[in-house]
There are 2 protein chains.
Amino acid sequence: MIIVGELINGTRARVGAAIESRDAEFISELARRQAEAGADYIDCNSGRVGEAEADDLAWLVGTVQTATDRPVSLDSADPRAIAAGLAAWQGQAPPLINSVMADDRRLEAVLPLVVESGASVIALALDQAGADPSPERRVALALELVERITGMGIGCERVFVDPAVAPLSTRVEAPSQACAAMALIRRELPDCHIICGLSNVSHGLPGRRLLNRTFLAQAIMSGLDAAILDPQDRELMRTIHAAEALAGRDEWCLRYIQKHRAGLLD
Amino acid sequence: MIIVGELINGTRARVGAAIESRDAEFISELARRQAEAGADYIDCNSGRVGEAEADDLAWLVGTVQTATDRPVSLDSADPRAIAAGLAAWQGQAPPLINSVMADDRRLEAVLPLVVESGASVIALALDQAGADPSPERRVALALELVERITGMGIGCERVFVDPAVAPLSTRVEAPSQACAAMALIRRELPDCHIICGLSNVSHGLPGRRLLNRTFLAQAIMSGLDAAILDPQDRELMRTIHAAEALAGRDEWCLRYIQKHRAGLLD
């Protein structure tokens, strides 16, 4: 499982304030704690748009890479901010670009950056922000988008397809349709990663952590192998270890048993 | 979700002793606690075979029905013990017979009892005890068995198909193959129930409760709508409420929100 730690997000009040005041200690600590908890990428979202975003993202990347060797995930809708983040990155492992969708203008600006930097990229199965396409349309969008991305010479293993799960509170069928979409995408694109921004599924409902980890178990069985989440949620991480073993992705259950011996399942 | 409470099982040392000494108070309390925790059926397994089993099962049924109005599940491989249990049952709601499999001798003895009593029945997708058929064979066995059962005039809604999940520790593919089998059975037999004896999946591994609840979430997304389990495991019951909502079986999430208001998700 590939974990993208979600905590450095400027829309969270305390994080937004730390970004604005350039509080490097606070951001570094957040990066370090997520890496220790098992994050493979550290997502950086400035929470602001316009001119400030590019500066913010460059500063976040600079700060995160002093704290940990984990690559960053550049979380922005603005190709200029992504370019600024990539320019600031000096680490070994290439970053993850979060995200592109089937919208020509942004794709044309972002895909050359992916090619040039060797980054990986999240391909969101949407054609416009705020849309809620049918399950069939989502799968079609994902396949079209991946074809376009790999057509530029970007290998499937660098593409993270995100079926863009709508919240359960908006449509009760959304999570089960997302699982069905993941199973189809997994079958059609066995070498791509499948990712989701986990917390969206529980938006607007109580008991969000319970819903998040329960959905994660279900999505892993459907082919999900990456997620944007809070790696400090121990019960969630336990669920991942169990769900991966149950999905047949942990030969002899060796990783599961190792986590158990390390006391991580208690 | 239909819950069959598993705790009255004579292979558990304390329960076996209570059955042997006819400790009605102990068994009644176990029945009552499971009903309060949400069991729809109270499983009765004497843990003994031969002559003793029929007497044990009749006594268990008599004891359970003084403690709760929930119907019993008669858990025996011996048609004589099942007949004795049915004869002792005086409750309103018909019992569940646990179980039959595709083995002619037992089927011929048990199906007339199902017809006569109006009971429901668990159809195990196995052709002999201890077998581990291929996933395709399991689905074929389930369909054949259900055809035979419904051919006797027993309605699909009285049949609980059990895909007989093998432990993860014996084959790492077993749980994912079981989920795939459940999805197929759900498609072929939309009106049947799909059940599993949950704890088998984690046999031989540490962290069993974590594995059990994680697999249950996955199986519910695949079409499972009944399970034999410990209803006193609160984290497991929480997972059920969340998993059912996520599987789209809880319109407007009303049951989930109600459970949350009742403090059952904390």
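This is a predicted model: local features need pLDDT of at least 70, side-chain atom pairs count only at pLDDT 80 or more; totals for chains, interfaces and linings use all residues.
Residues are numbered from 1 along each chain as its sequence is written, and chains are lettered from A and ligands numbered from 1 in the order in which they are written.

Helices (H or I, at least four residues) and strands (E, at least two) are DSSP runs, numbered from the N terminus. H9(A) covers residues 234–246, 13 residues in total, and spans 18 Å from its first C-alpha to its last, close to the 18 Å expected at 1.5 Å a residue; the expected span is 1.5 Å times one less than the number of residues. A residue is called buried at under 20% relative accessible area, exposed at over 50%, and partly exposed in between (1.4 Å probe, protein chains only). Because 12 of its 13 residues are buried, H9(A) is largely enclosed by the rest of the structure. Among these buried residues are Glu235(A), Met237(A), His241(A) and Leu246(A). At the start of the helix, a side-chain oxygen of Asp233(A) comes within 3.3 Å of the backbone nitrogen of Glu235(A). Just after the helix, Gly248(A) adopts a positive phi of about 80°.

The interface between the two chains comes next. Contact here means heavy atoms within 4.5 Å, and 33 residues of chain B are in contact with 33 residues of chain A. Together the chains bury about 2,700 Å², 74% of it on carbon and sulfur atoms; buried area is the accessible area (1.4 Å probe) that two parts lose on being put together, summed over both. On the side of chain B, Leu210(B), Gln218(B) and Leu246(B) lose the most area to chain A, together 24% of what that side buries.

Polar pairs also cross this interface. The rule finds 8 residue pairs in polar contact there, both residues at pLDDT 80 or more. A polar contact is a pair of N or O atoms within 3.5 Å; within protein, one must be able to donate a hydrogen and the other to accept it, and residues adjacent in sequence count only if both atoms are side-chain atoms. Helices H7 (174–188), H8 (208–221), H9 (234–246) and H10 (254–261) of chain B each supply at least two residues of the side that touches chain A. The largest share of that side, 8 residues, comes from H8(B). By class, the side has 22 nonpolar, 7 polar and 4 charged residues. In this grouping Ala, Val, Leu, Ile, Met, Phe, Trp, Tyr, Cys and Pro count as nonpolar, Asp, Glu, Lys and Arg as charged, and the others, Gly among them, as polar.

Side chains of opposite charge can pair when their charged atoms come close. A salt bridge is defined as a side-chain nitrogen of Lys or Arg within 4 Å of a carboxyl oxygen of Asp or Glu, and by this rule the count over all chains is 38. Across the interface of chain B and chain A there are 2 salt bridges. The side chains of Arg213(A) and Glu235(B) form a salt bridge at 2.8 Å, N to O.

Within chain B, Asp56(B) and Arg22(B) form a salt bridge at 3.0 Å, N to O. Asp56(B) lies in helix H3 (residues 51–67) and Arg22(B) in the loop between helix H1 (13–20) and helix H2 (24–37), so the pair ties together parts that are 34 residues apart in sequence. Asp56(B) is buried at 0% relative accessible area, whereas Arg22(B) is partly exposed at 33%. Asp225(B) and Arg186(B) form another salt bridge, at 3.7 Å, N to O. In chain A, a network of salt bridges links Asp132(A), Arg138(A), Arg171(A) and Glu173(A).

Two residues of chain A complete the account. His203(A), in the loop between strand E7 (193–197) and helix H8 (208–221), is partly exposed, with a relative accessible area of 45%. Thr63(A), in helix H3 (residues 51–67), is buried at 6%. Leaving aside residues up to four places away in sequence, Thr63(A) touches Ala24(A), Ile27(A) and Ser28(A).

Terms used
Side-chain values use heavy atoms; hydrogens and water are left out.
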